[in-house]
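Here is a briefing on one protein model. Look at the sequence and the 3D view, then work through the points below.

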Amino acid sequence: MNAKHYVSQDVAKMLKEKGFNESCIVLYDEAFEELIPASSICSYKNQNHPNGYCCAPSLLEAMDWMEERGIMIEILWSDNYHLWYSTIKLHRVTITDMGYYADRNECMNETIKKGLELL
């Protein structure tokens with residue numbers, strides 16, 4: 001399991017607060033400190049973990065979930081700046097200026113956070 005493929009701890013918590021309740025193969029522990037395989041837990045969904053466990057979807061799963069709610073995220077590479085940037089579309093209206101990032105996964109996590117604020 002490579003942690004870079006999954007949402008960050010704070011994004012996982014925000015997703016849970018916004019109603020994300022999909023099956024995941026990875027969870028954050030009760031203190032949201034580390035990823036653990038969900039196979040060691042009886043169920044994989046947020047609704048079954050009132051004790052603080054938090055499902056950690058992959059970055060793509062989180063983006064797909066948001067797309068189902070009308071928020072489209074696009075991650076792009078800037079040849080001019082040699083950095084990653086993103087756009088968010090909410091019901092066909094493009095919201096830009098999400099910032100520039102050296103790391104693609106950081107760009108994805110930050111853009112997902114900004115998109116969740118729109119829900």
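Start at a turn: H82 takes a positive phi near 55° in the hairpin of β4 and β5, which has 4 residues between the strands. This is a predicted model, where local features need pLDDT of at least 70, side-chain atom pairs count only at pLDDT 80 or more, and totals for chains, interfaces and linings use all residues. Residues are numbered from 1 along each chain as its sequence is written, and side-chain values use heavy atoms, with hydrogens and water left out.

**Strands around β5**

- Helices (H or I, at least four residues) and strands (E, at least two) are DSSP runs, numbered from the N terminus.
- Two strands pair if DSSP finds at least two bridges between them.
- Strand β4 covers residues 71–78 and strand β5 covers residues 83–90; they pair in the antiparallel sense over 8 bridges.
- L76 has Y85 in β5 as its bridge partner.
- β5 also pairs with strand β6 (residues 93–95), in the antiparallel sense, over 3 bridges.
- In that pairing, K89 stands opposite T94 in β6.
- The hairpin of β5 and β6 has 2 residues between the strands, and H91 takes a positive phi near 50° there.
- Strand β7 (residues 100–101) pairs with β5 in the antiparallel sense over 2 bridges.
- Y101 in β7 is the bridge partner of W84.
- In a regular strand, side chains alternate between the two faces of the sheet.

**Helix α3**

- Helix α3 runs over residues 104–117 and has 14 residues.
- From first C-alpha to last it reaches 20 Å, close to the 20 Å expected at 1.5 Å a residue. The expected span is 1.5 Å times one less than the number of residues.
- At its start, a side-chain oxygen of D103 reaches to within 3.2 Å of the backbone nitrogen of N105.

**Cysteines**

- How many disulfides (pairs of cysteine sulfur atoms within 2.5 Å) does the structure hold? The structure holds 0.
- C54 is in no disulfide: the nearest cysteine sulfur, that of C55, is 6.7 Å away.
- Why does C54 count as buried? Because its relative accessibility is 0%.
- C107 counts as buried because its relative accessibility is 0%.

Definitions and conventions:
A polar contact is a pair of N or O atoms within 3.5 Å; within protein, one must be able to donate a hydrogen and the other to accept it, and residues adjacent in sequence count only if both atoms are side-chain atoms. A disulfide is a pair of cysteine sulfur atoms within 2.5 Å. Buried means under 20% relative accessible area, exposed over 50%, partly exposed in between (1.4 Å probe, protein chains only).
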